[in-house]
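Dear colleague,

I am handing over the structure we spoke about, so that you can look at it alongside my notes. Please open it first, and then read on.

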Amino acid sequence: MNTSQLTESKKSHHKLNGFTLDDIGDDHMYTGLETPMKANAFKLSNEEKKEKIAILFEEIMDTMGLDLTDDSLKGTPKRVAKMYIDEIFSGLDPKNKPKVALFDNKYQYNQMLVEKDITFYSNCEHHFVPIIGKAHVAYISSGKVIGLSKLNRIVQYFAKRPQVQERLTNQIANELKTILDTEDVAVIIDAKHLCVSSRGIKDDTSATVTSYYGGKFNNASKISELHNYINN
Ligand SMILES: [Zn+2]
C-alpha cells in the first residue's frame, strides 16, 4: 500500500455520519452511549499497557525534539503511562466500576434527593486536554436508596475516561437508572473544556451545560424545583 492509499483508507475509516475528520474539524461530536472500545481492549494487562504507553510517549517527546536524558524529563514517559492507566483514564477498566450497595428506603422519603456540586476532572476525547466541571445528580427513590458517596463515585468513574460531555451525562444517568431500578433520575453537568479555553477559539468565559431528565423529572415543575436546589 503506498502512502496516498494509506491516507485514503484512514480517511474513510474515520468517516462519521458521512463527514470526514477534516469536515468536522474542531467541532465535537459523539457517536453513542458506550465509550467506543475495541473487542480486545483488555487483552493486555494494566502493567503491559503502562510499559507500552511509556515507550510510545517517549517517542512523542523525542519526536518533538525534547532531550530525554535531561533529569527533569527522563521520568515523564513512565509517569504519564502510570497516570493514564491508574488515574485519569482508570474508568475505562470495568474492574474499577464502583460497587454499589442499596438500602431500603426505610424513611419512606419519596421526594427528590439531590447531590449537587460534585467536582470532577475528565479529559476531552478529541484533544486529550482536561474538562473540569460540576455534576449535579438527583433521583426519586423507587423503594431503594444509595449511599451519598456512591453518587459521587459513579460520577468520578465515568469522568475518568476520554469523554465528550454529552456521553458523560448520559452514562451517569444510565448507570443510576440501572442501579436504582427507576427512570426517575436527573443529571446536570456544567463544565469548562480546556480545548476551548486554552487553545483553538480561546474562549475563557464560556461553559457547557448538558442535562438528562428521566421519568418524573421530565416535567417543568420538577425541573424548576431541581434548579432551585442547585442554585441555592
Ligand atoms: Zn476537545
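What follows is a description of the fold, its sheet, one of its helices and its core.

Please keep in mind throughout that this is a predicted model. The protein chain has 232 residues, of which 21% count as buried, and its secondary structure comes to eight helices and seven strands. Among the contacts that link residues at least 6 apart in sequence, 68% join residues at least 24 apart.

Five of the strands form an open sheet with mixed pairing, in the order β5-β2-β3-β6-β7, and its edge strands are β5 and β7, each of which pairs on one side only. Within this sheet, β2 and β3 are antiparallel and share 10 bridges, with Ile118 standing opposite Ala135 in β3. Six antiparallel bridges then connect β6 with β7, which covers residues 208-213, and Val187 stands opposite Tyr212 in β7. As for β6 itself, seven of its nine residues are buried, so that the strand is mostly covered.

The helix α5 lies across β2, β3 and β5, and runs at about 25° to β2. It has 12 residues and spans 17 Å from its first C-alpha to its last, close to the 16 Å expected at 1.5 Å a residue. Which residues of α5 are buried? They are Leu151, Ile154, Val155, Tyr157, Phe158 and Ala159. An α-helix has 3.6 residues a turn, so residues three or four places apart point the same way. The cover over the buried residues of α5 includes β2 (112-124), β3, β4 (144-146), β5 (162-163) and α6.

These elements come together again in the largest nonpolar core, which has 27 residues, and in which Val137, Val155, Ile172, Leu176, Val185, Ala186 and Val187 have the most contacts. The elements that contribute two or more residues to this core are β3 (130-140), α5 (148-159), α6 (165-180) and β6 (185-193).

With best wishes

How values were computed: Residues numbered from 1 in each chain as written. Predicted model: local features only at pLDDT ≥ 70, side-chain atom pairs only at ≥ 80, totals over all residues. Core = buried A, V, L, I, M, F, W, Y, C linked by C-beta atoms within 7 Å. Buried ≥ 20, exposed ≤ 12 C-beta atoms within 10 Å, placed from the backbone. Helix = DSSP H or I, 4+ residues; strand = E, 2+ residues; numbered from the N terminus. Pairing = 2+ DSSP bridges. Expected span 1.5 Å × (residues − 1). Contact = placed C-beta atoms within 7 Å. Axes fitted to C-alpha atoms, helices over the stretch in contact; angles between N-to-C directions.
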